[in-house]
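This report describes a protein chain with a ligand.

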Amino acid sequence: MPTRSTVILGTGSYAPERILSNEDLAHMVDTSDEWIRTRTGIRERRIAAPDEAPSDMGVRAAQRALDDAGVRPAEIDLLIVATVTPDMPMPACACIIQHKLGVPTTAACFDLNAACSGFVYSLDTACAMLTSGRYRKALVIGVEKLSAVLDWQDRTTCVLFGDGAGATVIGLSDEPNVGLIGTRLGTSGAEANLLYISHGGTRSPATTESIAARDHCIRMKGKEIFKLAVRAMDETARDILEQHGVRADQISLVIPHQANLRIIEAISQYLELPMERFFVNVDRYGNTSAASIPIALDEARRSGRIKAGDLTLLVAFGAGLTYGSALIRW
Ligand code: UT7
């Protein structure tokens with residue numbers, strides 16, 4: 001029996017109301033709008049309300065994706081939430097979202113932690129589970145409340161990240177050569193020490209001292225990560241193009257992980273694809289980790305930058321280190 005295609009039926013996103021500008025940050029730490037803009041391309045980011053949990057944001061994005069797809073929550077039998085900032089360590093954010101959305105209790109619901117590559121990893125997982133024939137419709141959400149794990153006294157990290165959620169509804173189609181054409185995923189755990197949250201897990205549970213030292217916040221060696229991000233994203237993009245016999249100039253739109261405009265510009269140069277073929281919204285959201293690609297995907301679709309027949313390339317990189325790419329025909 002030929003394998004059925006997995007297609008994106010709808011997308012949605014949600015950004016919290018509060019905007020934190022670079023100017024606002026310059027009142028909080030020793031930084032400036034000029035430094036942040038020229039080094040990262042970020043102008044502002046969204047910050048969730050104190051009582052707004054990742055599950056709340058995920059539900060808002062999911063509702064928009066379901067509306068877009070014309071799919072009811074009752075039809076979903078697989079729900080994957082990509083996140084490194086779930087509501088709590090246990091149970092999974094996906095279980096909380098399942099209940100809030102009204103997804104049936106017969107659905108498989110779980111979280112997936114692959115940091116900023118989480119959405120691409122989850123997309124691949126969902127598509128593999130759908131093509132197994134045991135699931136029919138999947139909801140894949142990327143959501144982060146990174147503001148809750150930032151050290152607001154550390155200017156090297158707090159200016160970079162933001163909160164938000166993006167979602168996609170995925171189904172099966174008998175039409176060949178549409179939807180998810182392929183994926184490449186990779187990991188380099190040897191560099192786990194470049195981007196991490198050291199405390200609050202089980203190896204080093206939170207203590208009074210660790211909380212005082214803000215050891216439950218994100219720490220990053222930015223310069224090293226920058227170089228590895230460019231190399232890994234360029235390589236994974238080339239690999240997937242080669243694997244599927246696609247030239248870079250056949251890609252209508254690249255949706256890269258939105259960490260830093262300079263990283264995106266470097267990939268544009270390496271792939272010899274002009275910046276007009278790259279979707280960029282890092283200026284408005286900063287780095288929202290697993291939410292970054294699904295938010296960008298939704299905005300790209302809603303702004304008419306993706307048309308039927310187009311080839312879109314997703315490229316991600318994040319803590320782990322993890323990286324991955326996905327090729328989609330619309
Ligand atoms: O999601 C995937 C993971 N994350 C990433 O992909 C991020 C990758 N890394 C980056 O985007 C960049 O490396 C950063 C934006 C984090 C930093 O940019 P950079 O051009 O690599 O700057 P740098 O770390 O070399 O710092 C240059 C200077 C330093 O001062 P000195 O040592 O030259 O005196 C920093 O202390 O800029 C200073 N600096 C700041 N100054 C003003 C660092 N952060 C700030 C700040 N405001 N917020």
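## Shell around the ligand

In this predicted model, four helices each supply at least two residues of the shell around the ligand: H2 (33-40), H6 (155-158), H8 (222-243) and H9 (261-271). The largest share, four residues, comes from H8.

The ligand has 23 residues around it, of which Thr31, Arg39, Lys223, Asn260 and Asn287 come nearest. By residue class, the shell divides into eleven nonpolar, seven polar and five charged residues.

## Position between domains

Residues of the shell come from both domain 1 (5-176) and domain 2 (180-329), so the ligand lies between them.

## Polar pairs and burial

Two pairs involve a nitrogen atom of the ligand. A polar side-chain atom of Thr31 lies 2.6 Å from a ligand nitrogen, and a polar backbone atom of Arg155 is 2.9 Å from a ligand nitrogen. On the oxygen side, an N or O atom in the side chain of Arg39 is 2.8 Å from an oxygen atom of the ligand.

The ligand taken alone exposes 960 Å², and the protein buries 75% of that area.

## Overall fold

The protein chain contains eleven helices and 13 strands. Its radius of gyration is 19 Å, close to the 20 Å that the globule rule gives for 330 residues, so the chain is as compact as a globular protein of that length.

The C-alpha trace of the protein chain spans about 60 × 45 × 35 Å along its principal axes. Of the 330 residues in the chain, 54% are buried.

Conventions. Residues numbered from 1 in each chain as written. Predicted model: local features only at pLDDT ≥ 70, side-chain atom pairs only at ≥ 80, totals over all residues. Heavy atoms only, no water. Near = heavy atom within 4 Å. Polar contact = N/O pair within 3.5 Å; in protein donor to acceptor, adjacent residues only side chain to side chain. Areas by Shrake-Rupley, 256 points an atom, 1.4 Å probe, with all protein chains shown as cover. Nonpolar A, V, L, I, M, F, W, Y, C, P; charged D, E, K, R; others polar. Domains from an automatic or database assignment. Rg over C-alpha atoms; globule rule 2.2 N^0.38 Å. Buried < 20%, exposed > 50% of the residue type's maximum accessible area, 1.4 Å probe, protein only.
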